[in-house]
Amino acid sequence: MCYQVVKVYSVCKCVYREHAVDRCAAYGTPGHRPKRREVLVGDSCDLHSSRSGYSYK
Ligand SMILES: [Zn+2]
Ligand SMILES: [Zn+2]
């Protein structure tokens, strides 16, 4: 199984960074999708830190 590490802000859940896929032998096979591994980082992204915050949506 391939894995892709995705770093996500722990508070707002926005994606901080998507890393390259860690490939296995089956990479590229139709229907074979990398499994996302979410790693929490920091607090909130620039958009959701300080300022007025979660006023919209
Ligand atoms: Zn794989
Ligand atoms: Zn955010």
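How are the donor residues of the zinc ion (ligand 2) spaced in sequence? They follow C-x1-C-x30-C-x2-H. The legends below belong to a predicted model.

**View 1. Donor atoms around the zinc ion (ligand 2).** Four atoms coordinate this ion: Cys 12 (SG), Cys 14 (SG), Cys 45 (SG) and His 48 (ND1). Their distances run from 1.8 to 2.4 Å. The angles among the four donor atoms are 103 to 117 degrees, and the site is tetrahedral. For four tetrahedral donors, the ideal angle at a metal is 109.5 degrees.

**View 2. Cys 12 and Cys 14 at the zinc ion (ligand 2).** Both residues give an SG atom to the ion. Cys 12 is buried, at 15% relative accessible area. Cys 14 is partly exposed, at 23%.

**View 3. Donor atoms around the zinc ion (ligand 1).** Cys 2 supplies two donors here, N and SG. Cys 24 (SG) and His 32 (NE2) are the other protein donors. Angles among the four donor atoms span 78 to 122 degrees, and the site is irregular. The reason is that a tetrahedral site needs all angles between 85 and 135 degrees.

**View 4. Cys 2 and His 32 across the chain.** Along the chain, the donors of the zinc ion (ligand 1) have the spacing C-x21-C-x7-H. Cys 2 sits in the segment before strand E1 (3–9), and His 32 in the loop between strand E2 (15–22) and strand E3 (35–41), so the pair ties together parts 30 residues apart in sequence. Cys 2 is buried, with a relative accessible area of 0%. His 32 is partly exposed, at 23%.

Key. Residues are numbered from 1 along each chain as its sequence is written. Chains are lettered from A and ligands numbered from 1 in the order in which they are written. This is a predicted model: local features need pLDDT of at least 70, side-chain atom pairs count only at pLDDT 80 or more; totals for chains, interfaces and linings use all residues. Side-chain values use heavy atoms; hydrogens and water are left out. Donors are N, O and S atoms within 2.8 Å of the metal (3.2 Å for Na, K and Ca); water is not among the atoms, so sites may look incomplete. Four donors count as tetrahedral if all angles lie between 85 and 135 degrees; four count as square planar and six as octahedral if opposite donors are over 155 degrees apart and all others between 65 and 115; anything else is irregular. Helices (H or I, at least four residues) and strands (E, at least two) are DSSP runs, numbered from the N terminus. Buried means under 20% relative accessible area, exposed over 50%, partly exposed in between (1.4 Å probe, protein chains only).
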